[in-house]
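Subject: Structure handover

Hello,

Here is the structure we spoke about. My notes on it follow below.

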Number of protein chains: 2
Amino acid sequence: MHVLIVEDKRSLSKMLKTSLEEKGHTVVLSFDGLDGLAQAETGHFDIMVLDIMLPGIDGLEVIRRLRKGKHQLPVLALTARDTVGDIVAALDLGVDDYLTKPFAMAEFTARLRAVARKGPFVQDVRLEVADLVLDSASGQVSRSGVPLALTRTQFALLEYFIRRAGHVLTRESIIERIWSDNLDIEANTLEVFIRSLRTKIDIDRKVSLIKTVRGVGYRMDAEDSV
Amino acid sequence: MHVLIVEDKRSLSKMLKTSLEEKGHTVVLSFDGLDGLAQAETGHFDIMVLDIMLPGIDGLEVIRRLRKGKHQLPVLALTARDTVGDIVAALDLGVDDYLTKPFAMAEFTARLRAVARKGPFVQDVRLEVADLVLDSASGQVSRSGVPLALTRTQFALLEYFIRRAGHVLTRESIIERIWSDNLDIEANTLEVFIRSLRTKIDIDRKVSLIKTVRGVGYRMDAEDSV
DNA sequence: TGGACCTCTTCAGCAAACCTTCAGGCAATA
DNA sequence: TATTGCCTGAAGGTTTGCTGAAGAGGTCCA
């Protein structure tokens with residue numbers, strides 16, 4: 001799992017990072033609100049751990065902006081015991097769960113797992129690019145209304161592409177995202193998957209929705225540029 | 001409106017009280033099960049907000065005794081995210097609605113209003129998908145009018161599927177839901193139950209109502225998609 | 001109490017689906 | 001034209017889910 005931790009107290013974030021990495025998760029640390037928000041918006045993460053009390057823009061503002069941008073990333077908030085009032089505000093803004101400091105590490109990981117499992121605050125995520133529709137709740141994909149049968153990996157790949165539509169994705173970042181548990185995957189494996197995905201989603205069309213960016217990776221266009 | 005809040009976490013109940021009083025309601029707080037039950041039986045209230053996890057007798061027991069005494073007071077239950085299994089029990093006992101903590105204040109007031117408006121204990125017990133009908137009150141299931149005899153576990157499974165029709169349910173979430181008391185259940189056990197359920201509800205039909213989503217879990221389609 | 005019956009759970013075997021790699025070919029760039 | 005990068009068809013190996021069977025535990029009734 002890819003976890004983003006936004007917490008300015010270095011010792012605490014270091015501790016959380018270590019603990020999560022021991023469990024096999026990939027962790028990225030951020031130490032202030034603006035940077036954390038930017039990271040969250042990249043779409044690289046499965047969950048965000050967010051301290052409410054932050055330098056720069058605070059945690060509440062981070063969530064507010066994140067949700068405004070329609071990002072559905074699950075958020076586990078951390079608050080000090082004496083700012084319980086913030087919790088109400090945070091929950092209203094769409095935080096998925098919270099922990100008051102200090103907390104036991106066991107509780108932290110348990111909550112994290114629960115939040116991640118439950119998925120994003122708003123569950124019915126309908127992603128679209130051109131006439132391609134992906135519904136992560138029902139796990140179904142269709143193009144021009146025609147339902148497509150994708151395998152699990154193809155689905156994960158396509159979801160990543162759509163979430164990052166318009167951006168060039170390097171082979172490395174794609175592999176890290178899709179095969180986070182096994183990075184000994186060769187680039188060719190990805191190529192083969194890209195092909196299988198293309199044949200499924202591009203049915204008979206001349207131009208693929210997934211463009212090759214030679215020497216770098218791939219890009220899914222945001223618009224249907226014929 | 002007169003609201004009775006039975007919740008032992010003082011900070012939370014204080015918060016709810018304040019919020020409701022701002023909206024012009026009258027609120028009484030109770031901090032344990034027995035006292036809460038006694039208050040409820042006075043008949044002074046329009047609605048009860050009840051935490052399931054309580055010191056003394058727990059929330060489930062409170063509802064049980066309350067309903068036994070033929071009290072029709074509407075109840076909005078509060079549960080922790082990790083005791084989802086309790087919800088089933090609570091609904092069976094005649095809770096009108098529930099919220100999993102943490103929740104947004106806006107959602108709380110909305111649910112509260114809905115429950116109060118709906119009046120005492122009117123449960124929607126009739127669940128349908130395609131031509132399959134499940135009555136959770138009487139425990140009866142039928143397909144195309146043909147009654148089906150399901151075992152307890154099969155029934156619980158089917159109810160969960162219908163309540164979440166159109167969504168992909170992972171094996172883990174299903175197991176957590178159905179076997180909340182014993183999570184050492186193996187995935188194969190679930191598979192065997194799926195099979196037994198399928199043979200009963202799909203009688204002779206070519207396509208099962210319960211679809212397999214390879215690598216993830218299962219999904220019951222909302223529409224009868226041939 | 002003992003036996004018939006029902007339900008739950010696990011096991012082992014199997015077939016299909018899926019993932020991954022390889023080797024050769026084609027296309028873009030210098 | 002040579003080189004590099006990407007595509008492609010096919011094949012092997014692994015994983016996943018389905019299935020029939022059988023033991024364990026519980027319940028009901030004689």
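A residue is called buried if 20 or more other C-beta atoms lie within 10 Å of its own, exposed if 12 or fewer, and partly exposed in between. Please keep in mind that this is a predicted model.

Two backbone angles first. Most residues other than glycine have a negative phi. In chain B, B:Ala130 has a positive phi, near 55°. B:Ala130 sits in the loop between strand S6 (126–129) and strand S7 (132–135) of chain B. Because B:Ala130 has 17 C-beta neighbours inside 10 Å, it counts as partly exposed.

In chain A, phi of A:Ser144 is also positive, near 55°. A:Ser144 belongs to the loop that runs between strand S8 (140–143) and strand S9 (146–148) of chain A. A:Ser144 has 10 other C-beta atoms within 10 Å, so it is exposed.

Now the DNA. By class, the surface near DNA strand C has four nonpolar, 10 polar and seven charged residues. Helices H6 (152–163) and H8 of chain A, and H6 (152–163) and H8 of chain B, each supply at least two residues of that surface.

DNA strand D has 16 residues around it, the closest being A:Glu191, A:Arg195, A:Thr212, B:Glu191 and B:Thr212. The surface near DNA strand D divides into four nonpolar, six polar and six charged residues. Helix H8 (187–201) of chain A and helix H8 (187–201) of chain B each supply at least two of its residues.

Regards

Notes:
Residues numbered from 1 in each chain as written. Chains lettered and ligands numbered in written order. Predicted model: local features only at pLDDT ≥ 70, side-chain atom pairs only at ≥ 80, totals over all residues. Near = placed C-beta within 6 Å. Helix = DSSP H or I, 4+ residues; strand = E, 2+ residues; numbered from the N terminus. Nonpolar A, V, L, I, M, F, W, Y, C, P; charged D, E, K, R; others polar.
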